[in-house]
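Please walk through this structure with me, from its secondary-structure elements to the sheet, a pair of helices and a few individual residues.

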Amino acid sequence: MGVRTEVPVCDVLVIGAGPAALAIAAALAERGVAVRGVAPLDPASPWANTYGIWGPEVDALGVQELLEHRWSDCRSDFRAPMPSNASPSDRESTPLATTFHGVDYGLFDRARLQRHWLESCRAAGMVWDQAEASAIAHDRHGSCVSSRDGRQWRARLVIDASGHQPVFVRRPDEGPVAGQAAYGIVGTFTAAPVEPGQFVLMDYRSDHLSAAERQAGPPTFLYAMDLGDGRFFVEETSLALAPPVPYAVLQERLMRRLAHRGVGVAAVEHEEFCLFPMNTPLPDLSQQVVGFGGAASLVHPASGYMVGSLLRRAPALAQAITEGLLDPALDAPALAQHAWRALWPLELRRKHALYRFGLEKLMRYPEDQLRLFFRTFFSLPTNQWYGFLTNTLSLPELIAAMLRLFAVAPWSVRFGLMQQQGRELQLLLRLFKP
Ligand SMILES: Cc1cc2nc3c(=O)[nH]c(=O)nc-3n(C[C@H](O)[C@H](O)[C@H](O)COP(=O)(O)OP(=O)(O)OC[C@H]3O[C@@H](n4cnc5c(N)ncnc54)[C@H](O)[C@@H]3O)c2cc1C
């Protein structure tokens, strides 16, 4: 007779151990839910990505101590390239040379952020199993997950937080998905790539490229920061494109940009290869497995940010699940519906539709129009551009910000906003039927 192995049973099984998995596991554990995790690596193993966030977001959440850096000198540069015969004074007198954001920006201490969530999990005695989930079967009472190495788990609800290409969550195919791609270096340089104490969100200057290269695209920008002690992080970034801009192009552009400003790389401490989907459709909200994080399309489709959303949205989702688990009228499929509705209520779905529409437009802009667009965008009142980027405006406020942008934008940008190309109209109509 074979040896029978017990299948672990829990209320909620979380798949993954990235920021999304830890955020939702911690919020459930804090509410006394019996939660278990499954991920290929130890959940305490270091994360590779660097995560940035706007200062007021961490202030509002009361988690300022999770930042390792915070900058108040935050700026962008949307200057157009000058003709080659322009004098230095012409260059300096370009109107609106630098955009000062007037809002702090921060970089998470990754290890601290991870510990912040893991401590809540540990305090509740949560168990993490090391395995790669590969199959799921549902019934009225819950779901059964199997791993590649033949183990199984049973739970009333499964949360798939396995990232942007989720193992279980299904999303409709709505055509090409744009990727944000970036190549970055943390290191030391022969000269400072940005001023001391400075954070640069978007440096869209492109005078290091030839006119033909600028015409051919794709537009890319520098995201850079002073990390102190002579260390800097510089990253050449493509906001979004389908197919994404290859790393080799970004790396070459970064080196040329730096060289053009007389900056050489002295020592590389870490290279960041960044690629994630920006405008994924919403998942099918009727499925019995619930998603969170990249798996549930939580990335802001117009900015690429997500960690602030995880911190804001995990408690509400965890609360809805906790209440759902206590409701005897909810079988497992109904519990999953209840959770999906809490994660993606109508207003957030409508805003997601507007953001996807907005990104679709931006991806069509040539470099000069894109620069004008961003210059106009950051000239909006702070609460409007900040609320847009952090997804903290209500739907009417978001529409008001978009209308104001249209009203104050230069004609070339306005014209681009009015033209409906490809699937833009279809995406805009989702506002009414998300
Ligand atoms: C380089 C980079 C930089 C970024 N910078 C920022 C930023 O500055 N600010 C910001 O807000 N956002 C940023 N993002 C976007 C987003 O916040 C990140 O992509 C974030 O890591 C997504 O979190 P996640 O937990 O959903 O997925 P992931 O971080 O991808 O984690 C997925 C987890 O699931 C596990 N897993 C995968 N498959 C399975 C399986 N079959 N079974 C079990 N477990 C599985 C993985 O091992 C991993 O633990 C960045 C993204 C990248 C790639």
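The model is a predicted one, in which local features need pLDDT of at least 70 and side-chain atom pairs count only at pLDDT 80 or more, whereas totals for chains, interfaces and linings use all residues. Residues are numbered from 1 along each chain as its sequence is written, and side-chain values use heavy atoms, with hydrogens and water left out.

Leu 395 lies in helix α12. With a relative accessible area of 12%, Leu 395 is buried, a word that stands for under 20% relative accessible area, while exposed stands for over 50% and partly exposed for what falls in between, using a 1.4 Å probe and protein chains only. Apart from neighbours within four places in sequence, Leu 395 is in contact with Glu 347, Arg 350, Lys 351, Leu 354 and Leu 431, where contact means heavy atoms within 4.5 Å. In the loop between α11 (382-390) and α12 (395-408) sits Asn 391, which has a positive phi near 60° in a residue other than glycine. Asn 391 is also buried, with a relative accessible area of 17%.

We turn next to the sheet. Seven strands form an open sheet in the order β6-β5-β13-β14-β15-β12-β16, and the pairing is mixed; two strands are said to pair if DSSP finds at least two bridges between them. At the edges are β6 (98-100) and β16 (265-277), each of which pairs on one side only. From one strand to the next, the twist averages 20°. Helix α6 (residues 247-260) packs on this sheet, touching β12 (179-189), β13, β14, β15 and β16, and its direction makes about 40° with that of β12. For such angles, axes are lines fitted to C-alpha atoms, for helices over the stretch in contact, and the angles run from 0 to 180 degrees between N-to-C directions.

Strand β13 (residues 198-203) runs antiparallel to β14 and is joined to it by three bridges, and Val 200 stands opposite Ala 224 in β14. Seven bridges join β14 to strand β15 (residues 231-241), again in an antiparallel arrangement, and Phe 221 has Thr 237 of β15 as its bridge partner. The hairpin of β14 and β15 has two residues between the strands, and in it Asp 229 takes a positive phi near 55°.

How accessible is Ala 224? Ala 224 has 0% relative accessibility and therefore counts as buried. Leaving aside neighbours within four places in sequence, its contacts are Val 194, Gln 198, Phe 199, Val 200, Phe 233 and Val 234. The C-alpha atoms of Ala 224 and Leu 201 are separated by 6.8 Å, although the two residues are 23 residues apart along the chain.

Two loops also deserve attention. Pro 243 is found in the loop between β15 and α6, and the peptide bond that reaches it from Ala 242 is cis, with omega near -10°. Ser 297, in the loop between β17 (290-291) and α7, has a positive phi of about 60° although it is not a glycine, and this residue is buried at a relative accessible area of 1%.

The last stop is a helix pair. Helix α1 (residues 19-30) and helix α7 (residues 307-326) pack at an angle of about 45°, with their axes 8 Å apart. That angle makes α1 oblique to α7, because angles under 35 degrees count as roughly parallel, over 145 as roughly antiparallel, 65 to 115 as roughly perpendicular and the rest as oblique. The residues in contact include Ala 23 and Leu 28 of α1, together with Leu 310 and Ile 321 of α7.

Key. Helix = DSSP H or I, 4+ residues; strand = E, 2+ residues; numbered from the N terminus.
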